[in-house]
Amino acid sequence: MQDLFAVSHRRPIPRLAAGLSRTEALWLLLLGVCATALILWTLGRELDRARARHALDSMDYLAGHLRLALGDQLEAWPAGVGALHGPGLVPAGPWSGELRDLDQVLAAGCFLPEDPWGHAYVVYRDPVEGPVVACGGPDGSLGTAGETGQRLLRVILGPTAAAD
């Protein structure tokens, strides 16, 4: 009697196939591989930019400490010294004279970083720009922009102090 008054009978519809077909699974696998490759490619490019940004920030840090240690016009620059360098491999450069460690000039306990590629930061007097902090970059050469696409160089005195 109950069946007589029922409006509709719900019966389960049998599923023809459960899960993904082979073609659908291959398309999903291909999509996953493409997405992973795109993420890894982007990550590699961003790591180069992050290393360059880290190097520029460290050079700003060193430039500030050098102005504090040597004076606003770097009047306490050691005589006969062509360049000062931090820890790491020292790149070849355009300076003439003796190389000296940065920790001999800076205050005790000052942190001296290596650049992100394992080279030393170098401080020297450029004939055009004045005293600069330079980084060798990925290839360890001061004259090239390398993979970063920008010069890894910071002028210590800046345009206002150098004009005085």
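Analyst: What follows is a description of the salt bridges, pair by pair.

This is a predicted model, in which local features need pLDDT of at least 70 and side-chain atom pairs count only at pLDDT 80 or more, while totals for chains, interfaces and linings use all residues. Residues are numbered from 1 along each chain as its sequence is written, and side-chain values use heavy atoms, with hydrogens and water left out.

Side chains of opposite charge can pair when their charged atoms come close. A search of the whole structure finds five salt bridges (a side-chain nitrogen of Lys or Arg within 4 Å of a carboxyl oxygen of Asp or Glu).

Among them is the pair of glutamate 46 and arginine 49, whose side chains meet at 3.0 Å, N to O. These two residues are three apart in helix H2, and therefore separated by about one helical turn; helix H2 covers residues 22–70, helices being DSSP runs of H or I with at least four residues, numbered from the N terminus. Glutamate 46 is partly exposed at 38% relative accessible area, whereas arginine 49 is exposed at 57% (buried means under 20%, exposed over 50%, partly exposed in between, with a 1.4 Å probe and protein chains only).

Another salt bridge joins arginine 53 to aspartate 57 at 2.9 Å, N to O, and these residues, four apart in helix H2, are also separated by about one helical turn. Arginine 53 is partly exposed, with a relative accessible area of 47%, and aspartate 57 is partly exposed at 35%.

Glutamate 98 forms a salt bridge with arginine 100, with the closest N and O atoms 3.8 Å apart. Glutamate 98 is partly exposed at 40% relative accessibility, as is arginine 100 at 25%.
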